[in-house]
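Please keep the sequence and the model at hand while reading.

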Amino acid sequence: MTSWDAKTYEEAVEIVLRTLVKAERIKPTQYARRLVMKEMNPSREARSVSAGLLYSVLQKRGLLDEVIEDVLEITDDVTELDTWVRNAARIAVNEVVFEDGDPEKVADVLHGLVRRLANPGAAAIVKAFTLDLKDYEPPEPEDELDRLKWEYYHPRWLIERWMEMFGDPDEVVALLEANNRRPPLTIRVNTLKVDPEELAERLQRKYRVTVEPGRFLDEILKIPEGLPIGEMPEWEEGLFVIQDEAAALASAVLNPKPGEVVVDLCAAPGGKTTHIAQLMGGEGKIVAIDVDEVRMKRLREIAERVGVLDRIETHLMDGREAPEKLGREFADAVLVDPPCSADGTIPKNPERRWRITPDELERLPKFQYELLKAGAEMVKPGGRLLYSTCSMFPEEDEGVVRRFLDEHPEFELLEVKVGDPGFDMPEACRLFPHRHETCGFFIALMGRTG
């Protein structure tokens with residue numbers, strides 16, 4: 001539990017509680033948090049405290065729910081609870097069980113907030129539950145995997161899978177530790193409007209933050225302390241976008257050139273699309289395709305803010321239908337970054353560890369292959385095809401590419417000389433949180449012959 005003064009702590013808890021509730025309807029959680037910030041306009045101290053508290057709740061979410069189910073003797077899961085109750089209970093478990101907070105103080109804060117934001121009945125349940133936590137003792141680990149689960153806040157099955165993948169317990173522990181470190185804010189400078197060094201100096205001087213360069217790309221800056229994004233004129237002016245360096249690297253490896261026609265098959269919410277436009281110097285044409293209307297709206301908003309909307313042709317459709325509706329063999333380059341398990345994003349999306357399921361890893365590769373196949377149909381002879389994911393699982397990465405190459409001999413792998421080589425695919429690129437201080441990422445570049 002934080003040592004900040006009572007007013008700051010209560011305000012921070014309110015931010016987290018309202019964010020958790022809103023995030024059940026609005027994704028991702030950080031976007032829900034930004035909306036809450038606009039609604040509340042909290043103090044800078046409360047913003048800082050809430051950021052750490054929210055991250056802590058999200059990274060432990062599965063364990064928090066196990067404790068709630070145990071204490072309340074719920075036979076199903078926490079979804080049967082009222083939304084305000086379950087999210088307040090998650091905060092309570094984090095603060096009392098994991099952070100050694102005072103149950104009385106935590107109960108009073110949560111009771112007051114839930115009473116004001118929801119109703120007296122829910123508030124009474126939350127208070128009684130929080131007070132019951134003072135006698136709770138976490139279960140003793142059954143084995144080494146169970147110990148790692150409770151020590152590093154990851155699902156047991158996920159730890160077991162990584163043990164199989166890496167074959168080295170020490171490396172898996174290093175990955176778990178990296179997943180639990182709050183990453184710096186990573187931004188991609190819009191070089192169409194400002195030089196990276198100029199923006200870095202401006203941010204350091206104006207906001208008194210440390211700005212570090214990216215590891216692989218000159219246009220990437222890292223800010224460990226974070227920034228009040230929604231209030232920054234630099235944001236509104238489109239001088240930068242928030243993007244992990246690994247994701248930006250995919251567009252850089254594709255190497256789009258001025259005047260080319262480039263397709264971004266799974267484009268929304270627009271990070272890679274706008275980076276492609278930036279790398280093309282604002283010249284050429286980008287065809288952005290996505291099936292999600294809400295995320296496509298965000299793409300257009302970002303593109304307009306950074307000044308490249310006039311270069312982007314948007315299409316709201318299933319990417320697998322794109323060749324038939326838009327044409328074949330017309331693109332110089334196609335980027336396919338399909339929906340995936342996203343286990344590589346756990347450092348910046350800590351709740352993701354609890355959302356991934358083994359079923360996803362059986363279902364997603366077929367869908368990913370179909371999107372890659374559709375993207376390939378739009379590549380003209382001599383063109384380039386890039387496949388990337390923020391997954392570290394071989395079945396979503398090398399497995400999909402290997403199947404594609406086996407069935408499409410007109411494409412060949414091109415070497416990506418950055419990061420680590422792929423699993424049994426040395427031409428591909430892999431990035432890992434514990435090795436490269438980025439999200440976990442996979443990139444395979446292919447060329448079409450003839």
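The model is predicted, so local features need pLDDT of at least 70 and side-chain atom pairs count only at pLDDT 80 or more, while totals for chains, interfaces and linings use all residues. Residues are numbered from 1 along each chain as its sequence is written, and side-chain values use heavy atoms, with hydrogens and water left out.

**Fold and extent**

The chain has 20 helices and 13 strands, which are DSSP runs numbered from the N terminus (helices: H or I, at least four residues; strands: E, at least two). For 450 residues, a compact globule would have a radius of gyration near 22 Å, and the value of 23 Å found for the chain agrees with this; the radius is taken over C-alpha atoms, and the globule rule is 2.2 Å times the number of residues to the power 0.38. Along the principal axes, the C-alpha atoms fill a box of roughly 70 × 50 × 40 Å. Of the 450 residues, 56% count as buried.

**Salt bridges**

Side chains of opposite charge can pair when their charged atoms come close. With a salt bridge defined as a side-chain nitrogen of Lys or Arg within 4 Å of a carboxyl oxygen of Asp or Glu, a search of the whole structure finds 35 of them.

| Salt bridge | N to O distance |
|---|---|
| R116 and E14 | 2.8 Å |
| E66 and K149 | 2.8 Å |
| D108 and K127 | 3.7 Å |

The pair of R116 and E14 links distant parts of the chain, with R116 in helix α6 (residues 103-117) and E14 in helix α1 (residues 6-22), 102 residues apart. E14 is buried, at a relative accessible area of 9%.

E66 and K149 form a salt bridge that likewise links distant parts of the chain, 83 residues apart, from helix α4 (residues 61-72) to helix α8 (residues 144-152). Here E66 is partly exposed at 31%, whereas K149 is buried at 13% relative accessibility.

In the salt bridge of D108 and K127, D108 lies in helix α6 and K127 in helix α7 (residues 120-132), so the pair ties together parts that are 19 residues apart in sequence. D108 is partly exposed at 44%, and K127 is partly exposed at 29%. Through shared partners, salt bridges also join E14, R18, K22, E39 and R116 into one network.

Notes:
Buried < 20%, exposed > 50% of the residue type's maximum accessible area, 1.4 Å probe, protein only.
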